[in-house]
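Reader: I am new to this structure. Please take a close look at one part, the interface of the two chains, and walk me through it.

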Amino acid sequence: MLFRKNKQSGSQVQEEKSLYPVLHVADSLKAYQRELVKKEVASLGELSRVGDSFSGVLKEGDHFQAKLQDLGDSFSNISKTAGQFGEVRGEIGQSVSEARGQMVALEETFTQVQKSYDAMTETFSNLEAAIKEIQQSLGKIVSIAEQTNILAINASIEAARAGAEGRSFAVVAAQVKELAGEIKELAGEVEGSVTDVETRANQLNQNMGDSQQSLDQSTSIVSRTEESFEKIIAVSEGAMSVQNEIAGVISVSQQELSALRQFFDRIKDQYQEVVKHIGSASRLGTTKSAMFEDMDNMISQIPPLIKDFEGKP
Amino acid sequence: MKQFFGMSQRGSLDEALQGLHQPQFIMLLSNNDQFEAHVAALEKRFPGVPSIGCIGMSYQTGIVEKGVGIIAFYDGVTAAANVLEQISKMPVRYIQRLEQDMQAVGGSSNDTVCIDFCSGNDACVLTTIYTVLSKRGISLMGGTGDQGRVSANGRVYQDAVAYGLIRNQNGRVKTYKENIYHQLGDYRFIASDTDRANYILGSLNGKSAKQVYKDILHVTDEEILTRTFQNPFGKLNGDDTCIISIKEVHGNALACFRQVNDSDVLILLELGDYQAIVQETIRQIKQDFPRRSAIFSVNCLFRYKLFSEHGYMQSYLRDMSALGNHAGFVGYGEHYNNRFVNQSMTCVVFE
């Protein structure tokens with residue numbers, strides 16, 4: 001036991017004098033350093049791939065945002081088109097309004113024409129009455145002429161009875177008779193003319209009736225046109241309502257799109273923050289690489305130092 | 001403080017040192033053949049003055065390609081220089097040197113800067129150095145020299161980083177990094193199957209790195225090497241981008257001029273309006289520092305080649321000289337705090 005103890009003591013003395021444990025530590029540190037470097041290579045590779053992936057995500061994000069922008073532009077275009085539609089509707093309304101104004105003027109003209117027709121009808125009635133009075137007067141004239149003729153015949157008869165003394169009277173009676181005949185003939189001509197006037201007046205009356213009927217029809221058409229205009233206005237107002245609804249939907253969509261873009265902006269900010277951290281981690285990695293080199297440079301000097309200390313070549 | 005620049009296209013150190021008196025910190029930019037001799041001669045000429053050096057081209061208003069250039073600070077700086085060795089394995093073994101120099105120089109983030117010339121394993125070196133500098137918030141700028149050799153305080157080292165801690169006694173200091181590239185497309189890759197020791201980039205997002213590069217830019221294997229001037233990779237580090245140049249095709253992988261790690265996040269870059277970007281840097285420096293004592297910069301070799309091919313290098317130096325006393329060297333990689341980058345310009349401005 002003592003022998004063994006003595007042997008152990010001798011061995012321990014030898015170990016204490018040796019710097020082998022330091023060498024062993026240096027070797028171990030070196031091995032750890034190598035392992036650490038391998039891990040660092042793997043970590044940096046992984047970090048690089050993460051960075052690449054995030055760069056890809058950012059690119060896709062940019063692409064997506066561009067698409068969102070396009071979509072936003074489309075909405076703007078729709079809104080603009082809807083606005084143009086509104087303008088067209090306004091123009092229609094204005095045109096309808098102008099047309100309605102003109103229709104009112106036309107209606108007023110019709111009214112004036114109607115009044116003129118009424119006045120003409122009254123005048124025509126007066127004319128008819130005057131014609132009848134003329135006809136009655138002509139009848140009286142013809143009657144007077146016939147009586148005058150009878151008187152002339154009677155005077156001729158009386159003149160013939162009177163003989164020579166009544167010859168001059170007979171001449172007068174013949175002239176009176178001739179005059180009465182001419183009056184009768186003239187009255188007949190006048191009556192013919194009056195009848196002609198009456199016939200043409202009746203034709204005029206007929207034409208006026210036709211014109212009035214046409215006027216009534218036109219007035220009716222104007223009336224219906226007015227209704228059409230009102231319908232157009234109503235439809236236009238309806239279209240306005242639809243346009244407002246479209247604009248409302250677009251507005252809501254744009255708000256939602258804006259919210260979506262803000263959401264992606266925030267995500268992008270977050271991504272960029274991650275990329276920034278990856279960059280920082282990567283930069284730190286590169287400084288670690290320099291430190292590994294420094295560590296390696298220092299550790300690698302330990303074995304030759306120990307060999308030098310121990311006097312080994 | 002003041003900055004001195006002396007040079008000799010034929011490699012005469014004496015010629016380069018003409019006019020330099022009582023320097024407080026010296027940087028030697030030499031050539032492969034004369035480096036050791038220049039280091040020794042410089043130490044002999046100015047013994048005890050903190051100095052660092054490397055093999056590389058220097059510039060002020062013109063380029064010194066194969067001669068020697070001297071950039072020195074004097075009249076108002078506190079400086080210390082030293083070296084961390086065995087940087088391919090364990091630069092941290094010498095970290096106490098830097099901590100002691102920090103204590104000696106004092107200073108803070110506002111008035112002190114660390115300038116380094118490194119021979120390789122830059123990322124590990126910068127990580128190690130920055131564990132100390134970051135405690136006081138002191139900035140670092142520097143670059144990689146040629147031929148795997150640097151010097152500090154009169155001695156040449158291999159597999160080492162030479163550093164100088166410079167404290168401006170009369171004003172502020174600030175470092176800048178200029179990137180003349182911007183992101184191409186929105187490609188983003190996670191690196192894997194990397195070999196950090198050999199700067200191999202195996203896969204991007206699990207696919208052959210070479211094929212990914214070819215497919216995007218429609219280039220052949222042969223065209224990949226020259227295409228890096230136009231389209232290097234960018235390694236993301238927080239908000240900063242570190243440029244990674246492509247060195248060569250390695251099977252289905254790409255070998256780079258900078259370590260790439262599993263889990264690094266890379267992007268593809270393309271050359272921007274570099275003249276406008278340079279003017280913007282100048283404007284920014286003028287805004288930050290209405291009064292400037294000196295500007296020391298490191299320009300990538302690839303930038304030097306690109307600017308030279310475009311006939312802009314001389315104009316560039318002329319533009320930068322508008323800032324005042326500007327000098328620097330052409331590096332094989334640029335250092336900015338704990339970041340090792342390619343195809344960039346880093347500089348420190350002294351108030």
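Author: A search of the whole structure finds 22 salt bridges over all chains. A salt bridge here is a side-chain nitrogen of Lys or Arg within 4 Å of a carboxyl oxygen of Asp or Glu. This is a predicted model, where local features need pLDDT of at least 70 and side-chain atom pairs count only at pLDDT 80 or more, while totals for chains, interfaces and linings use all residues. Residues are numbered from 1 along each chain as its sequence is written, chains are lettered from A and ligands numbered from 1 in the order in which they are written, and side-chain values use heavy atoms, with hydrogens and water left out.

Now the interface. Four salt bridges are found across the interface of chain A and chain B. One of them pairs Lys235(B) with Glu293(A), with the closest N and O atoms 2.7 Å apart. Lys235(B) sits in strand β19 (residues 233–237) of chain B and Glu293(A) in helix α3 of chain A, so this pair joins two chains. Helices (H or I, at least four residues) and strands (E, at least two) are DSSP runs, numbered from the N terminus. Arg196(B) forms a salt bridge with Asp296(A), and there the closest N and O atoms are 2.5 Å apart.

Next, the extent. In all, 23 residues of chain A are in contact (heavy atoms within 4.5 Å) with 27 residues of chain B. The area buried between the chains is about 2100 Å², and carbon and sulfur atoms give 54% of it. Buried area is the accessible area (1.4 Å probe) that two parts lose on being put together, summed over both. Thr286(A), Glu293(A) and Gln301(A) supply 26% of the area that chain A buries against chain B, more than any other three residues.

Finally, two helices. Helix α3 (residues 167–299) of chain A packs against helix α4 (residues 122–136) of chain B at an angle of about 90°, with axes 9 Å apart. Axes are lines fitted to C-alpha atoms, for helices over the stretch in contact, and angles run from 0 to 180 degrees between N-to-C directions. That makes α3(A) roughly perpendicular (65 to 115 degrees) to α4(B). On α3(A), the contact is made by Glu293(A), Asp294(A), Asn297(A) and Met298(A). On α4(B), the residues include Cys124(B) and Thr128(B).

Technical notes. Angles under 35 degrees count as roughly parallel, over 145 as roughly antiparallel, 65 to 115 as roughly perpendicular and the rest as oblique.
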